[in-house]
Amino acid sequence: MSETKQACTQQRYEVTKKDLPISCPMPDMPSWNAHPRVYLEIKSHGEVLCPYCGTLYVLKNT
């Protein structure tokens with residue numbers, strides 16, 4: 001995720017293996033303190049929802 005993202009403002013993010021481990025909010029989000037940071041297990045299913053804000057993270061096959 002090269003561009004800066006707004007925390008909890010987008011409902012879906014596509015991430016790659018180089019972005020792992022995934023946490024929400026992501027470190028490059030300006031509002032990184034929008035809710036407590038939680039690390040998300042994405043590798044087993046290829047997608048995961050944040051339990052705080054409901055944002056969906058989808059692992060791309062690249």
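This is a predicted model, and it holds 1 aromatic pair. Select Tyr13 and Tyr57 to see the pair: the ring centres lie 5.5 Å apart and the planes meet at 25 degrees, so the arrangement counts as stacked, the cut-off for that class being under 30 degrees. Colouring by secondary structure then shows that the pair links distant parts of the chain, with Tyr13 in strand 1 (residues 12-15) and Tyr57 in strand 5 (residues 56-59), 44 residues apart. Both Tyr13 and Tyr57 are buried.

As background, nonpolar side chains in soluble globular proteins tend to be buried together.

Next, stay with Cys24 and display the cysteine sulfur atoms. How many disulfides does the structure hold? The structure holds 0 disulfides, and Cys24 accordingly takes part in none, the nearest cysteine sulfur being that of Cys50, 3.6 Å away. Cys24 counts as buried because its relative accessibility is 1%. Now select Cys53, whose sulfur is 3.7 Å from the closest cysteine sulfur, again in Cys50, and is therefore too far away for a bond, for which the cut-off is within 2.5 Å. With a relative accessible area of 23%, Cys53 is partly exposed.

Move on to the loop between strand 1 and strand 2, where Asp19 has its place. Is Asp19 buried or exposed? Asp19 counts as buried, because its relative accessibility of 15% falls under the 20% cut-off. Showing side chains here, you can follow that of Asp19 to the backbone nitrogen of Thr16, which it reaches at 2.8 Å. For a further check, draw a C-alpha to C-alpha distance from Asp19 to Leu59: these residues are 40 apart in sequence and 9.3 Å apart in space.

For the last stop, select residues 34-57, where UniProt, in an unreviewed entry, places the feature "domain: Zinc finger CHCC-type".

Definitions and conventions. Residues numbered from 1 in each chain as written. Predicted model: local features only at pLDDT ≥ 70, side-chain atom pairs only at ≥ 80, totals over all residues. Heavy atoms only, no water. Phe/Tyr/Trp six-rings, centres within 6.5 Å; stacked < 30°, edge-to-face > 60°. Helix = DSSP H or I, 4+ residues; strand = E, 2+ residues; numbered from the N terminus. Buried < 20%, exposed > 50% of the residue type's maximum accessible area, 1.4 Å probe, protein only. Polar contact = N/O pair within 3.5 Å; in protein donor to acceptor, adjacent residues only side chain to side chain. UniProt positions renumbered as here; feature names shortened; annotations may be inferred.
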